[in-house]
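Trainee: Could you walk me through some features of a model, one by one? I would like to learn how each is read.

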Amino acid sequence: MHSKQLHYFITTVQKGSIAAAARALDIAQPAISQQIASLEREVKATLLERSFSGVNLTPAGKVFYKHAEKIADEIDNVKLAMEAFHPAQHKKIKIGMLPSIGNVLSLPLLTEITKNHKHVKVEISTGPSYTINDWLESKQVDIALTYQQAIEPRFMNLTPLIQEELHLVFTASPAYSQYAELREKSFIKFWEISELPLLSPGNKDALGQLIADYEKATGVSLKHDLAYSGQLMTGLRQVMQGEGVMILPTSAIFHLRESGLISTLKITQPEMHRTVLAATNKQVKLTQDVGHIIDVIRQVVAQENTLNHWCGTLEFASSTFIAQSA
C-alpha cells in the first residue's frame, strides 16, 4: 500500500466515479483503475461497487475510507515536517487560476517573486473554474484563484482579493459598421446587451453562471446563439473579427484594449461585477510560504488595479485567511 493508491482511492470516492477522478487528477482512467484494483488485492477486500453511474463504497470500503483519509493526512503532515530540515531548497508553490486572471496576474506575479522572493518558486496553471476546484480539492495546487460563483465552502478557506467590474467587449475596427453605435457610447445598460450577438460560456463555468444570475435578476434574456469554444483567446479572436461581443473583466483584455484591437464599455443598470478570491484547501495545513505568497498576490493585484489593468474595488480582508463554514 502506498500514498498514490490512497490518493487515487480517496479522490475516486469524493468525485463519485473513476472518470471524474481521472479528470480531477488529470490522468488516464486505466491508471486509477489499476491502482485501486491493486489496493483491493492487497487488503483482500472489495472496496468499491462499480456501475455505469459511478462507484459506491462497500461496507469494507467505508471502513477503509475512514482510515485512508487519516493516513493521507498524516503523510501530508510528515512531508511538511520534513521540509524544515531542507531550508536551502526552494519551496514550490503551485497556483491554479482562470485564464482571465492569469492574463493580468501571471507575468507581474512571477516577476515580483523572482526579484524579491527568491526562496520560493511558483508554478502557475490555468483552466476553467470547475477544473481549478478539482485541482485544489485533490491537492494538486496549493492556491486557487477563483470567483465567488465557483467557491465550495465545504473544502475551501478564502481570502477576497478584488471585486472586479465586468465590461462589454467588442471590436475596435471601424471595418465592422454594426458596432459603430457602440463606439459612440461611454457605457452600456444591461438590457441593451440583449440586442447584441453574445459569445458566452455555458452555466458550468463561473462566468456563465454569473451572466445567468443577472439575466434572472433583471428578467432580461441575452442572445446566446453564437457557437463558443469556451477558450478565452479563441473568443477574443472572434470578437476582434466582428463576429460577436463578450462580457469580461478588464483583466482578460487590458492588453488588447491598449493595443487598440478591442473596445470596452462598462455595464450599468445594473452594474456587473464579481469577487475574485484566493482559496486554499481546509484539509491542508497552511504553511508560512503559502501565506506569504497570498500576501504577494494581494500586492500584485493592488498594483494592477492602480494601473487600470484590473478595474474594480480591492476586497482585502483584515486577516490573511477567512474560513468559510460549510
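Trainee: Is Leu 25 buried or exposed?

Mentor: Buried means under 20% relative accessible area, exposed over 50%, and partly exposed in between, with a 1.4 Å probe and protein chains only. Leu 25 has 8% relative accessibility, so it counts as buried. One caution: this is a predicted model, where local features need pLDDT of at least 70 and side-chain atom pairs count only at pLDDT 80 or more, while totals for chains, interfaces and linings use all residues. Residues are numbered from 1 along each chain as its sequence is written, and side-chain values use heavy atoms, leaving out hydrogens and water.

Trainee: Which residues is Leu 25 in contact with, leaving aside neighbours within four places in sequence?

Mentor: Contact means heavy atoms within 4.5 Å. Leu 25 touches His 7, Tyr 8, Thr 11, Ile 32, Ser 138 and Gln 140 in that sense. Leu 25 itself lies in helix H2 (residues 18-25); helices (H or I, at least four residues) and strands (E, at least two) are DSSP runs, numbered from the N terminus.

Trainee: How are helices H1 and H3 arranged?

Mentor: Axes are lines fitted to C-alpha atoms, for helices over the stretch in contact, and angles run from 0 to 180 degrees between N-to-C directions. The axes of H1 (residues 3-15) and H3 (residues 29-43) come within 9 Å and cross at roughly 110°. That makes H1 roughly perpendicular to H3 (under 35 degrees is roughly parallel, over 145 roughly antiparallel, 65 to 115 roughly perpendicular, the rest oblique). Among the contact residues are Tyr 8 and Phe 9 of H1, and Ile 32 and Leu 39 of H3.

Trainee: How many aromatic pairs are there?

Mentor: A pair of aromatic rings is described by the distance of the centres and the angle of the planes. Rings of Phe, Tyr and Trp (its six-membered ring) pair if their centres lie within 6.5 Å; planes under 30 degrees apart are stacked, over 60 edge-to-face, the rest tilted. The structure holds 3 such pairs. Phe 9 and Phe 64 have ring centres 5.3 Å apart and planes at 75°, so they are edge-to-face. Phe 9 is in H1 and Phe 64 in H4 (residues 59-83), so this pair ties together parts 55 residues apart in sequence. Both are buried.

Trainee: Which pair is tilted?

Mentor: Phe 190 and Tyr 214 form a tilted pair, 6.1 Å centre to centre with 40° between the planes. Phe 190 and Tyr 214 are both buried.
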